[in-house]
Amino acid sequence: MDDQASTAPMHRAGPYLRHQRAMMAPPKQPADWPAPRRRVPGLRRQELAEAAGISVEYYTRLEQGRAPRPSREVLTALARALGLTAAERDHLFRLAGELPPEPLAPDSEIRPGLLRLLRGLDDTLPVTVHNGRLDVMARNAAAAELLGPLSSAGRYRRNIVHQGFTATARRILGDDGAHRYTRWATAELRSAMGRYPNDQYLRSLFTELSATSATFRSHWAQGEVTAGRSAVKHLRHPTRGLLTFQSEMLHDAERDHWIVIYAPAE
């Protein structure tokens, strides 16, 4: 790879670093120290380089777009030194030609605006929210009526993968629908474990299903991961009988939350 190709991403990231550095407040000095003269706003290159643990010469080349693409460790150190938000850090990674870091865990709280949306659709559309560990975080009234109550006990009572291997799933989905769901759920678990490889909750869920379900073991052996986020589902409503829905899954990537909307199929 020639030098021009290896430094190309920094022509995009360099100006962003320079802008963020200029936006930072200079370090505070003791009251009895004379205030240093600063020709430009923000931190000096040397101050930022020291905070990031890299040489000022190397940092200068990064800003000027003359350095090879930095490692992920250097980008992480720069983001920390600049006090970037998660969104700003991810933007820096993309500018430098790197994928943003994966979150260590899904966010534990749903956005308040999303909760208001769920309540606003109580009488219109079933909507559920689950996280990247595949646990249901919220359901509106229409979804609770359609899908029935959650199990009152058990570690995995909120888990949409575990739910697929229960008698309740067969009652709501029918035999064919339950078979398709368990295949999808197994692939979804594989995807989640790839995203969070050290997550003990997901590992223990895998261990339990492997030990208790021949269907799960059979699906798992196929090695599938999920891709489709849109599907037609036939669900048995407790009072209205079999209903057909267009299911759409929307992703809040920053929090790793999934919003599932069940729209009546025409």
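Is Thr-128 buried or exposed? Select Thr-128 to find out. At 7% relative accessibility, Thr-128 counts as buried. Here, buried means under 20% relative accessible area, exposed means over 50%, and partly exposed lies in between (1.4 Å probe, protein chains only).

Before moving on, note what is on screen. This is a predicted model, in which local features need pLDDT of at least 70 and side-chain atom pairs count only at pLDDT 80 or more, while totals for chains, interfaces and linings use all residues. Residues are numbered from 1 along each chain as its sequence is written, and side-chain values use heavy atoms, with hydrogens and water left out.

**Stop 1: around Thr-128**

Stay on Thr-128, which sits in strand E1. Helices (H or I, at least four residues) and strands (E, at least two) are DSSP runs, numbered from the N terminus. Show the neighbours of Thr-128. Leaving out residues up to four places away in sequence, Thr-128 touches Ala-138, Arg-139, Ala-143, Leu-147, Trp-258, Ile-259, Val-260 and Tyr-262. Contact means heavy atoms within 4.5 Å.

**Stop 2: the hairpin**

Select E1 (residues 127–131) and E2 (residues 136–139). The strands run antiparallel and are joined by three bridges. Two strands pair if DSSP finds at least two bridges between them. Val-129 stands opposite Ala-138 in E2. Four residues lie between the strands of this hairpin, where Leu-134 takes a positive phi near 75°.

**Stop 3: helix H4**

Go to H4, residues 56–64. Colour Tyr-58, Tyr-59, Thr-60, Leu-62 and Glu-63, which are buried. The buried residues of H4 pack against H2, H3 (45–52) and H5. After H4 comes Gly-65, with a positive phi near 75°.

**Stop 4: salt bridges**

A salt bridge is a side-chain nitrogen of Lys or Arg within 4 Å of a carboxyl oxygen of Asp or Glu. Side chains of opposite charge can pair when their charged atoms come close. By this rule the count is 13 salt bridges.

Select Arg-21 and Glu-63. Their closest N and O atoms are 2.6 Å apart. Arg-21 is in H2 (residues 10–23) and Glu-63 is in H4, 42 residues apart. Both are buried.

Next, select Arg-72 and Glu-98. This salt bridge spans 3.1 Å, N to O. Arg-72 belongs to H5, while Glu-98 is in the loop between H6 and H7 (112–120). Arg-72 is partly exposed, at 32% relative accessible area.

Then pick Glu-224 and Arg-183. Their closest N and O atoms are 2.5 Å apart. Glu-224 lies in the loop between H12 (214–220) and E3 (230–237), and Arg-183 lies in H10 (residues 167–195). Glu-224 is partly exposed, with a relative accessible area of 26%. Arg-183 is partly exposed too, at 44%. Shared partners also join Arg-21, Arg-45 and Glu-63 into one network of salt bridges.

**Stop 5: H5 and H6**

Finish with H5 (residues 72–82) and H6 (residues 86–95). They pack at an angle of about 145°, with axes 10 Å apart. Axes are lines fitted to C-alpha atoms, for helices over the stretch in contact, and angles run from 0 to 180 degrees between N-to-C directions. Show the side chains. Arg-72, Leu-75, Thr-76, Leu-78 and Ala-79 in H5 meet Arg-89, Leu-92 and Phe-93 in H6.
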